[in-house]
Amino acid sequence: MNFIQTRGHDKNRPQYVTFSQAILSPIASFGGLYVPENLPELGKEFLNKHLNSSYKELASDMLSRFEIDIDESVIKEALDLYDNFDDVSNPVPVKKVKENLYISELYHGPTRAFKDMALQPFGVVLSSIAQKRNENYLILAATSGDTGPAALETFKNRANVQVACLYPDGGTSDVQRLQMVTEDAPNLKVIGINGVFDDAQNALKRLLASDDFRAELKTKNISLSAANSVNFGRIIFQIIYHIHSYLELVRQGATVMGEKVYLNVPSGNFGNALGGYYAWKMGVPVEKIIISSNENNVLTKLIKTGKYDLRDLHVVGTTSPAMDILKSSNVERILYDMFGLERTRELMEDLETKNFYELTQDELVRLQNSFDADFCNGEEGKKYIKDTFYNDGYLMDPHTATCMKSYETCSSPEIKTIAYSTAEWTKFSPVIANALTGELDAHDIEALESISKVAKLDIPDMVKGLFDKEVVQNTIIEKEDIEKEILKFL
Ligand SMILES: *Cc1c(COP(=O)(O)O)cnc(C)c1O
């Protein structure tokens, strides 16, 4: 399978690249992204065939349909990491919460958030490509809290890869910070920044674009890459769980094969939602994909009005920080799929130069045929957390809670919904404790204990253990010193 570029071809890069190439340098001509030339058709036959398959069997067959240039043994090793999730027989449980509402839990991996779904196998794949080519890679990551731990966990002690992970000191939860600063491996460097997430993100973008930095790395025989969610190597693993979740509904007798469902996705950079869209195009029966946001609701406005408008807009901090994003990168792949490369390039150029684009009426109708959207603010979210817990016995995190509003406002009740839960309660415990008991300003450890008591849930060992683990990564610096610090580490 070849990969092509969402904004067309600038004649400097190859027009077609392999999967490996798209992973190693994810940015394409004119700043675009790589997409598969065509999506494999799976259809009903594939779904029927996998009705009784394990997650790994389904995943392995789906990946083989993409005909990517990765050895089967590597894929097997990558998928075997799902065995380390909570339930060896099923890494992604799907639970009934209300009449017609099912929640697919994507957080049962080592860092308790959905980033593990893609980053766990991705680490094996990237490291194996680097080894095969006899190249060394520096992976840069900037995190508001979930990507960092997942990237460190997956690349820990992997050959031919080093990771430098930037996080805003004081800008993550205690659990998220501890997951990073207790990671002890010679190929990992965690750097706290005196600043906010945007400072970390901007530093990362600057370094990725800097010829001087690249040249400096070359003298050490190191190439630069990034593990952010525009990388197709992550997206490909995010198609699988949407297919799996549909099959789970059929297995549970909640739906019959062929009946359409809503996929309701708490969205930030749109990687999760894009995986659902691709699964739909490949044959999963979907009525619509519902995009749930927090107060940073550019996606709601895009889908309701056709306008992507960043003018005078600033990111606001919310209780669902992993969704505090305004430039939602993977939307570009939807534009490409619906409107083609010329129009995509035009729209993305408008966004970059004018901070604004607007779809035509026809384009908006097409977008709305596939997507609907709503947003949920922090107070509403807390109410959903509380009500769903006390009325339905289901505990959810503040990201997942954004789906509850759009479930009410965007779906017809006779059609079943699969909503995606992207984080365990342990990762955002102060907000959840506040929602359940009203307690304010608790530290993570106190909040974890009070939720554990109220909800009669054990704090998982991997979370509890963090508080006793030795902090080995204690670099905290000013943002001006990031480059120097990374070079020192290398
Ligand atoms: C990353 C993340 C999201 C957003 O996912 P996208 O694929 O970027 O849309 C939502 N919730 C949590 C907890 C996350 O970590």
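Me: Which backbone lies 2.8 Å from an oxygen atom of the ligand?

Reply: Good place to start! This is a predicted model. A polar contact is a pair of N or O atoms within 3.5 Å. Here, a backbone N or O atom of N269 sits 2.8 Å from a ligand oxygen atom. G271 also uses a backbone N or O atom, lying 3.1 Å from an oxygen atom of the ligand. With T422 it is a side-chain N or O atom, 2.8 Å from a nitrogen atom of the ligand.

Me: How much of the ligand does the protein bury?

Reply: Picture the ligand on its own, exposing 380 Å². The protein buries 97% of that area.

Me: Which residues come nearest to the ligand?

Reply: Of the 15 residues around the ligand, the nearest are K115, D146, G268, N269 and T422. Sorted by class, this shell holds six nonpolar, seven polar and two charged residues.

Me: How many bridges join strand 9 to strand 14?

Reply: Three bridges link strand 9 (residues 261–266) with strand 14 (residues 417–421), and the two run parallel. To find one yourself, look for N264, whose bridge partner in strand 14 is A419.

How values were computed
Residues numbered from 1 in each chain as written. Predicted model: local features only at pLDDT ≥ 70, side-chain atom pairs only at ≥ 80, totals over all residues. Heavy atoms only, no water. Near = heavy atom within 4 Å. Polar contact = N/O pair within 3.5 Å; in protein donor to acceptor, adjacent residues only side chain to side chain. Areas by Shrake-Rupley, 256 points an atom, 1.4 Å probe, with all protein chains shown as cover. Nonpolar A, V, L, I, M, F, W, Y, C, P; charged D, E, K, R; others polar. Pairing = 2+ DSSP bridges. Helix = DSSP H or I, 4+ residues; strand = E, 2+ residues; numbered from the N terminus.
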